[in-house]
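User: Could you take a close look at one part of this protein for me? I'd like to follow a single region and see what packs around it.

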Amino acid sequence: MGFTWHFGAVVLSLALVALVNGEDPYRFFEWNVTYGDIYPLGIKQRGILINGQFPGPEIYSVTNDNLIINVHNSLPEPFLITWNGVQQRRNSYQDGVYGTTCPIPPGKNFTYTLQVKDQIGSFFYFPSLAFHKAAGGFGAIKILSRPRIPVPFPEPAADYSVLIGDWYNLDHKRLQAILDYGHRLPNPQGLLINGRGGNDTWFTVEQGKTYRLRISNVGMQNTLNFRIQGHQMKLVEVEGTHTVQTTYDSLDVHVGQSYSVLITADQAPQDYYIVTSTRFTSKVLTSTAVLHYSNSGRQVSGPIPGGPTIQTGWSLSQARTIRTNLTASGPRPNPQGSYHYGLVNVSRTIRLSSSAAQVNGKQRYGMNGVSFIPADTPLKLADYFKIDGVFKVGSIQDNPTGQKSLYLDTAVMGADFRAFVEIVFENPENIVQSWHLDGYYFWVVGMDGGKWTPDSRRQYNLVDAVSRHTTQVYPKSWTAVYVALDNVGMWNVRSQFWTRQYLGQQFYLRVYSPVGSVRDEYPIPKNALLCGRAAGRTSR
């Protein structure tokens, strides 16, 4: 029957919850990262397991919880985990990308100390170093509202995480070698739902009850459409924002994004297909799971429900319907609409244009003419210890260069603490792109085809734009976001198309406060790993 998720058996991947002197609760996790055999597409592969699991353990938490995650690296190479959407307030040292954090050496451990401060919603974690993401090591993160904070829908009968993504049946080391030699990767070979394909994952429901599905695209590059045979989905949350509760037959989930929907088991008692399929690809890949009614009298049957394929306009129209529920409470009891982002004066406009080019005979990707190369020392550590020569603020410009060529650099853009900025992602290419900003949410105020101009602001949504951490940019199109830079640190801006990220389509945003106060930023962790030119120094 495959792998079954039962509504009555929710396994929490935590060892202890303690309340200390009235502080926010602590949840402790012990993780061991290993290689192991997995068969996601029916073929034996080397996968990255956490505590023997693929996907990894689910993190269950509540707003403001402190998460103490001790990661033992039992791989034969360095390893890092990043927390997609967890804001790391005042604490970019814990972000788990190479620009902020030294990798965990083989045979060693590192304890992440995260606080999900003023956050709710659906997120996920994944390995950020090398090409480990193509081997697994990912898992779901749930942040529930505190009991006294009202949620704008009745408590569901169960709360399921649904991790969807494209997958290669090639070993991640081979994929990395192809990129290192300067070549492009083939397309992924299949799709997974919770680490499995082909009706191998079941979700059990009881007739008449309503369930929450937290859907995250943890894949490598492709937008995926998600749908359930015979059932509609009511959208209620996007990456920590309660949304206007619009009902959909199917939903486009771009790589790196997360959505929460409610479904009601209101159909005849049988089994139904859960379907995900690729969007905007010449060959459509499809994978299925099963929505199993507990009183089912029939297995899944009939044709697999079809979905949209290459229709960009359909996806753009759907994206514009996703809006913030202004009357709902967020992590705090005040309504989400109490901060009027549309009334704040923009102090700076940053236009980021993607490009692809050959550099020294090898394929590279970049933004505003720069293709990122890692330094020998994490940038945040170099900044803290004032190590010269690691990076230069201003090595990526605020506007496109107009040149088709790329040059290599450790790109860092400076920004002032508490600035309110407009970022325009411009996509002159023929693919759908997906962009992410660590440490922040941003308001997606506009998106459209063609070139962005200042006149494009006339169509911005300055009332109830959705606030999220990852946004799509359609082919030959632009997407504009507003962001309040209220989180000091070194923050990764990246393509979620992982090949492009690996080959340079990223940079770091250094949000700086000259005050140097702990009110603005926490000190470097006492247990910080020190590597590169920071090795041998003292953290505190």
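Analyst: Happy to. Contact here means that heavy atoms lie within 4.5 Å. Please keep in mind that this is a predicted model.

Let's begin with helix 1 and the strand beside it. Helix 1 covers residues 172–180, and its buried residues are His172, Leu175, Gln176, Ile178 and Leu179. Viewed down the axis of helix 1, these buried residues fall within an arc of 155 degrees, so they line one face of the helix. What do they pack against? The buried residues of helix 1 pack against strand 3, strand 4 (45–50) and helix 4 (498–502). The ends of the helix are worth a glance too. At its start, a side-chain oxygen of aspartate 171 comes to within 2.9 Å of the backbone nitrogen of lysine 173. Just after helix 1, glycine 182 adopts a positive phi of about 95 degrees.

Strand 3, one of the partners of helix 1, spans residues 26–38 and holds asparagine 32. Asparagine 32 touches Leu49, Ile50, Asn51, His72 and Ser74, leaving out residues up to four places away in sequence. With one of these, serine 74, asparagine 32 makes a polar contact, side chain to side chain, at 2.6 Å. Another, histidine 72, is 40 residues from asparagine 32 in sequence, but their C-alpha atoms are 4.8 Å apart in space.

Asparagine 492 is found in strand 35, residues 489–495. Is asparagine 492 buried or exposed? At 1% relative accessibility, asparagine 492 counts as buried. Its side chain reaches the backbone oxygen of phenylalanine 507 at 3.3 Å. Beyond residues up to four places away in sequence, asparagine 492 touches Val97, His436, Leu437, Asp438, Gln506, Phe507 and Tyr508.

Apart from its neighbours within four places in sequence, leucine 509 is in contact with Met413, Ala415, Leu437, Leu485, Gly489, Met490, Trp491 and Val493.

Four strands form an open sheet in the order 5-10-9-7, with mixed pairing. Strand 5 (59–62) and strand 7 (81–84) are the edge strands, each pairing on one side only. From one strand to the next, the twist averages 20 degrees. Strand 5 and strand 10 (residues 139–144) run parallel and are joined by four bridges. Serine 61 has isoleucine 143 of strand 10 as its bridge partner, and valine 62 stands opposite leucine 144. Strand 9 (residues 121–127) runs antiparallel to strand 10, with five bridges between them; serine 122 has lysine 142 of strand 10 as its bridge partner. Five of the six residues of strand 10 are buried, so this strand is largely enclosed by the rest of the structure.

How values were computed:
Residues are numbered from 1 along each chain as its sequence is written. This is a predicted model: local features need pLDDT of at least 70, side-chain atom pairs count only at pLDDT 80 or more; totals for chains, interfaces and linings use all residues. Side-chain values use heavy atoms; hydrogens and water are left out. Helices (H or I, at least four residues) and strands (E, at least two) are DSSP runs, numbered from the N terminus. Buried means under 20% relative accessible area, exposed over 50%, partly exposed in between (1.4 Å probe, protein chains only). A polar contact is a pair of N or O atoms within 3.5 Å; within protein, one must be able to donate a hydrogen and the other to accept it, and residues adjacent in sequence count only if both atoms are side-chain atoms. The arc is that of the directions from the helix axis to the C-beta atoms. Two strands pair if DSSP finds at least two bridges between them. Axes are lines fitted to C-alpha atoms, for helices over the stretch in contact, and angles run from 0 to 180 degrees between N-to-C directions.
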